[in-house]
Amino acid sequence: ISREERRERLGTLKGQLSGFEAQILDLYLRGLSYVEIASEVDRSLKAVDNAVQRIRRKIAQYLSRGEYSES
């Protein structure tokens, strides 16, 4: 997919995330480890892990609704 389309899809997905989850996703996509993310956002490792799990569930829901196609 094109960069523009990828950015648009990511923006749509982020609209379904809380501010904290969107921040965690940004850091995760930049390649930071859970430990690095926890340090960056000054939260516990468990809070980061929980946020990532919520993000994964929301991504699965987003994909299951058919709002995303691999083209």
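Author: Before we start, contact here means heavy atoms within 4.5 Å. The model is predicted.

Reader: Fine. Which residues of helix 1 and helix 4 meet, then?

Author: Arg 9, Thr 12 and Leu 13 from helix 1 meet Lys 58, Ile 59 and Tyr 62 from helix 4. By class, that contact has three nonpolar, one polar and two charged residues.

Reader: At what angle do the axes of helix 1 and helix 4 cross?

Author: Roughly 115 degrees, and the axes come within 10 Å. The crossing of helix 1 past helix 4 is right-handed.

Reader: Let me step back. How many helices and strands does the protein have?

Author: Four helices and zero strands. From the N terminus on, the order is α-α-α-α.

Reader: And what box do the C-alpha atoms fill?

Author: Roughly 35 × 20 × 15 Å, taken along the principal axes.

Reader: What share of the residues counts as buried?

Author: 27% of the 71 residues.

Reader: How many residues are in the largest nonpolar core?

Author: The core has 14 residues, and Ile 24, Ile 37, Val 41 and Val 48 have the most contacts inside it. Helix 2 (19-29), helix 3 (34-41) and helix 4 (45-64) each give two or more residues to this core. The largest share, five residues, comes from helix 2.

Reader: Take Val 41. What does Val 41 touch?

Author: Leaving out residues up to four places away in sequence, Val 41 touches Phe 20, Gln 23, Ile 24, Leu 27 and Val 48.

Reader: New topic: Gly 11. Where is the place of Gly 11?

Author: Gly 11 is in helix 1, which covers residues 3-14.

Reader: Why does Gly 11 count as partly exposed?

Author: Because its relative accessible area is 40%, and partly exposed lies between the 20% limit for buried and the 50% limit for exposed.

Reader: What separates the C-alpha atoms of Gly 11 and Ala 22?

Author: The two C-alpha atoms are separated by 9.8 Å, with the residues eleven apart along the chain.

Reader: Back to the whole chain. What share of contacts with a separation of 6 or more joins residues 24 or more positions apart?

Author: 51% of them.

Reader: Last one. Where is confidence lowest, and where highest?

Author: Confidence is lowest in helix 1, at a mean of 79, and highest in helix 3, at 97. For the protein, the mean pLDDT is 87, and 92% of the residues reach 70 or more. Where pLDDT is low, predicted coordinates should not be read in detail.

Conventions
Residues numbered from 1 in each chain as written. Predicted model: local features only at pLDDT ≥ 70, side-chain atom pairs only at ≥ 80, totals over all residues. Heavy atoms only, no water. Core = buried A, V, L, I, M, F, W, Y, C linked by side-chain atoms within 4.5 Å. Buried < 20%, exposed > 50% of the residue type's maximum accessible area, 1.4 Å probe, protein only. Axes fitted to C-alpha atoms, helices over the stretch in contact; angles between N-to-C directions. Left-handed = near helix turned anticlockwise from the far one by under 90°. Nonpolar A, V, L, I, M, F, W, Y, C, P; charged D, E, K, R; others polar. pLDDT = per-residue confidence, 0-100.
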